[in-house]
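Thanks for making the time this morning.

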Amino acid sequence: MFTKPRPPIPWLRLLVAIVIFALIIYIDPDSFFHRAPECAAPALSADVNAAEDGLWGESSWDKTPPSHKLNWVDCYPGRQCARLITPLNYSEPQGDIAIIALIRKPAGVPPNSEDYRGPVLFNPGGPGGSGVDMVLGRGDTFADILGPQFDIVSFDPRGVKRSTPKASFFSTSAERALWGDQGPRVINSSSALTERWARAKIEGQLAKENDKNDYLRHINTDQTARDMLHIVRAHGREKILYWGFSYGSILGATFASMFPDKIERLIIDGVADAENYFATLWSNNLRDTDKTLQSFFDSCSKAGPDACPFYAPTPSEIANNLTSIINAIYKTPIPVYTSTSYGLLDYNRLKSTLFTALYKPYAAFPLLAQGLADLVHGNATGLYTMLEQPLFKCACTPQNILDMDEGGTVIRCNDGKKVPGSLEATREHYEFMKGQSQWGENWVLTRIGCSAWPDLPKTHFQGPFVGNTSHPILLIGNTADPVTPLWAAKKMSRGFKSSIVLTQDSPGHCSLAAPSVCTQKYIREYFVNGTLPKEGTVCTVDEDIFPSSSLGGAYVDDTQARLSEMGELDYSLLQAVKSVSSSYDVPVGPLGVPW
């Protein structure tokens, strides 16, 4: 086993600082040697500038006093924010504290109205996804789906972004960026596997060295579930209203198992196998991934050449054309320079782009088809920019909390059983995952990242995932979800008495990946009235991924006819879900939803 010599911490930090200093000079010497005597102010986001003008910005969070009560203050437009004190360790309720950052879109009716139904708590997945970001960006959509009688509420879980303690392995944003931008994201060779295993050793050591006051052990799903009950009680209630996506299904199933008598309504959407997750295996997520990719081939072929730029007469021809492109890029990467970044479209990036596109087909497949068609003619820009992120810029400021993304690693590595740390064990799991799916080389990183995790206590809740809940829970699964197969929803349902699985006949990750009024009506009825769909219910979608212009007026007439038959509620639900399914963003974490 590789054992990294541990240098004295000051020398390690000095070495990192020297490397960063040298890179800054190498990349942009003018910005260093020809700058003003004082460090120039960094470019500020509109949000930060707003904070300086007396409005809410990211720096406002730290200026907002935390409280044992929910003291909501106006923050972002149309939103209210609060910082709630909770125990860091619920086994020692009078000990150290955590501070949870919350956001809400208030209900459209007064809290004292007979129509008011309470706060619905959301989790976006990840682990490590920001609930504040989700409600900031999609709170209006959720209100449209559920109705005006609910507050739309979420939070950054402990260790994530605006909540404390903040999970951080690095001293500066520059240190994080320089380390994080390196290393293969797709493990398609022995050398790539070895490099990722070695990098995990370093990250494990960094986590250990930065675990000041032993706080990391308290960042896990068990403690977050307890935080959720604390949030519910801070609202003056005893039972939760909850809608969790992807990893949020793990959190929701954990809550339902720990507190089965505290359920008013609970939906888990895009359901992962919690037993597999807490075993730190991540080995059965890819059962339906090829189905998702097949939907690209099928829908493109069906749509015709005018609607799908990567068209071929049959799905198998499209599949063969994609394979040819992958093989060509594997041999010869293509350099790309855009107005905002630059890099290579290589095998690593292409496979990552394809895998990410499977999360939201309605948003990503048209972009993917155009990018592949452009690549055939020598233009790689479209495909490259599907994963494009702004280039990192050094700034003379403390760490930007929005850069801190270690929270997801901390949660998943703390949650699960200890991963064998040897290279041999890592290679064995890698070979197993390759045998499971062609996407195993994309997915295996999730487990490798925990292979050198510090030896922290594993006494938190890890199952069993069963419960006779105070109200039956609703589980939702898509027929072709790339990372949470429908099979897992059916398995998890067996542990919860009277629960129901609602199937959505669509590709993509979680129900909002595709526009289905049927699904969203069942969700609304469940929250409003507590009613569940009948066992075996399957909802279809209302639009094609590639609207087929080859059918001409017949297609348009059929679409208009369906829309005209919709009532006002159905139409508003369709527009709400389309606003999510048609927007393309990169997901946060392996079990995160791209909002």
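**Overall fold and local detail**

Let me begin with the chain as a whole, in which 23 helices and 14 strands are found. Please keep in mind throughout that this is a predicted model. The protein chain has 595 residues, of which 56% count as buried. If we take the contacts between residues at least 6 apart in sequence, 76% of them join residues at least 24 apart.

What does phenylalanine 296 touch, once residues up to four places away in sequence are not counted? The list consists of Phe310, Ile318, Phe365, Leu368, Ala369, Leu372 and Phe546.

Let me turn to the disulfides. How many does a search of the whole structure find? The search finds four, and I will go through three of them here.

One of them joins cysteine 75 to cysteine 81, with an S to S distance of 2.1 Å. This link of cysteine 75 and cysteine 81 is right-handed, with 75 degrees about the S-S bond, and both cysteine 75 and cysteine 81 are buried.

Another disulfide is formed by cysteine 413 and cysteine 450, whose sulfur atoms are 2.1 Å apart; with -85 degrees about the S-S bond, the link of cysteine 413 and cysteine 450 is left-handed. This pair links distant parts of the chain, since cysteine 413 sits in helix H16 (residues 407–415) while cysteine 450 sits in the loop between helix H19 (445–448) and strand E11 (474–480), 37 residues apart. Both cysteine 413 and cysteine 450 are buried.

That pair also brings us to the cavities. The whole structure contains six cavities of 30 Å³ or more, and the largest cavity holds about 80 Å³ of space. Which residues line the largest cavity? Both Cys413 and Cys450 are among them, together with Lys417, Lys418, Val419, Trp453, Pro454, Asp455, Leu456 and Lys458.

Are the two partners buried or partly exposed? Cysteine 518 counts as partly exposed because its relative accessibility is 28%, whereas cysteine 539, with a relative accessible area of 0%, is buried.

Staying with this part of the chain, aspartate 542 is found in the loop between strand E13 (538–539) and helix H22 (553–565). Because its relative accessibility is 17%, and buried means under 20%, aspartate 542 counts as buried. A polar atom of the side chain of aspartate 542 lies 2.7 Å from the backbone nitrogen of valine 517.

Aspartate 273 lies in the loop between strand E8 (263–269) and helix H10 (274–278), and with a relative accessible area of 6% aspartate 273 is buried. A polar atom of the side chain of aspartate 273 lies 3.2 Å from the backbone nitrogen of glutamate 275. Leaving aside neighbours within four places in sequence, aspartate 273 is in contact with Ile250, Asn284, Trp487, Ala488, Lys491 and Met492.

Finally, consider alanine 225, which is found in helix H8 (residues 221–234) and is buried, with a relative accessible area of 0%. Where sequence neighbours within four places are left aside, alanine 225 is in contact with Leu251, Thr254, Phe255, Met258 and Phe259. For one of these, methionine 258, the C-alpha to C-alpha distance from alanine 225 is 8.3 Å, although the two are 33 residues apart in sequence.

Note on methods: Residues numbered from 1 in each chain as written. Predicted model: local features only at pLDDT ≥ 70, side-chain atom pairs only at ≥ 80, totals over all residues. Heavy atoms only, no water. Helix = DSSP H or I, 4+ residues; strand = E, 2+ residues; numbered from the N terminus. Buried < 20%, exposed > 50% of the residue type's maximum accessible area, 1.4 Å probe, protein only. Polar contact = N/O pair within 3.5 Å; in protein donor to acceptor, adjacent residues only side chain to side chain. Contact = heavy atoms within 4.5 Å. Disulfide = S-S within 2.5 Å. 1 Å grid on protein atoms, 1.4 Å probe; cavity = no way out; pocket = protein on both sides within 12 Å on 5 of 7 lines; lining within 4 Å. Points joined across faces, edges and corners; volume = space filled by probe spheres on them.
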